[in-house]
Amino acid sequence: MDLALCYSGGKDSSLAALVLDRFYDVTLVTAHFGVTDDHEHARRAAEALGFPFETHDLDPEVAREAVEAMRADGFPRNGIQRVHEHALESVAERDVDAVADGTRRDDRVPSISRAFAQSLEDRHGVDYISPLSGFGRGAVDRLVDETLDVESGPSEEVPKADYEGELRALLREEAGDDAVREVFPEHEQTYVRGTR
């Protein structure tokens, strides 16, 4: 069975790929807006893990809507949630049996509601799988420590291919560096260099 996993090159989506690989033919898919070339970070991580990799173009209007929401809210949650739901919808249109992501039980954003997951499955005829949804942060970190070679650090410094990089770039373009600092809190990011 073919599965497209929304992939950032970070620890969560990489661990999700390893979990699903036993049951599916997993392709790691980085959905992006074409604003940056950050998807190349995900390509290198996918190659290091030995998974096939593809990119998937998203609607640039959704990125603009997300940036507007983040500016209005003063925080990134609703914008990132909007983009993740759009990415799942868009990737679900591919010729696959299932779509997946690396969301965990304790994630604040993005998070997929049961209603959204069921609607996605019904409308696109795919299974939606979130293999880490029963795992808390501590459990994920312990599994990652045992299986993956990971670089960690401040979000602005660690290579990544999640939605945040492109949304930061658009926000910076529209409103400058101060707006980026106001909207995005400091946080740690991860990038997978391979398996242990």
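Mentor: Start with Glu65, which is partly exposed because its relative accessibility is 33% (buried is under 20%, exposed over 50%, partly exposed in between; 1.4 Å probe, protein chains only). The model is predicted, so local features need pLDDT of at least 70 and side-chain atom pairs 80 or more, while totals for chains, interfaces and linings use all residues. Numbering runs from 1 along each chain as its sequence is written, and side-chain values use heavy atoms, without hydrogens and water.

Glu65 has a partner. Its side chain meets that of Arg82 in a salt bridge, 3.1 Å from N to O (Lys or Arg side-chain nitrogen within 4 Å of an Asp or Glu carboxyl oxygen). The pair links distant parts of the chain. Glu65 sits in helix H3, residues 60-73, and Arg82 in helix H4, 17 residues away (helices are DSSP runs of H or I, at least four residues; strands are E, at least two). Arg82 is also partly exposed, because its relative accessible area is 34%.

Stay on H4. Glu89 forms a salt bridge with Arg123, and their closest N and O atoms are 2.5 Å apart. This pair, too, links distant parts of the chain: Glu89 in H4 and Arg123 in helix H5, 34 residues apart. Arg123 has a relative accessible area of 46%, so it is partly exposed. Glu89 is at 17%, so it counts as buried. Elsewhere, salt bridges with shared partners join Lys11, Arg137 and Asp141 into one network.

Beyond its neighbours within four places in sequence, Ser90 is in contact with His56, Asp57 and Leu58 (heavy atoms within 4.5 Å).

Now a third pair. The side chains of Arg104 and Asp12 meet in a salt bridge at 3.6 Å, N to O. They lie 92 residues apart, with Asp12 in helix H1 and Arg104 in the loop between S4 and H5 (114-124). Arg104 is buried because its relative accessible area is 14%. Asp12 is at 16%, so it is buried too.

H1, residues 11-20, is mostly covered, with 8 of its 10 residues buried. The buried set includes Lys11, Asp12, Ser13 and Leu20.

Overall, the whole structure holds 16 salt bridges.
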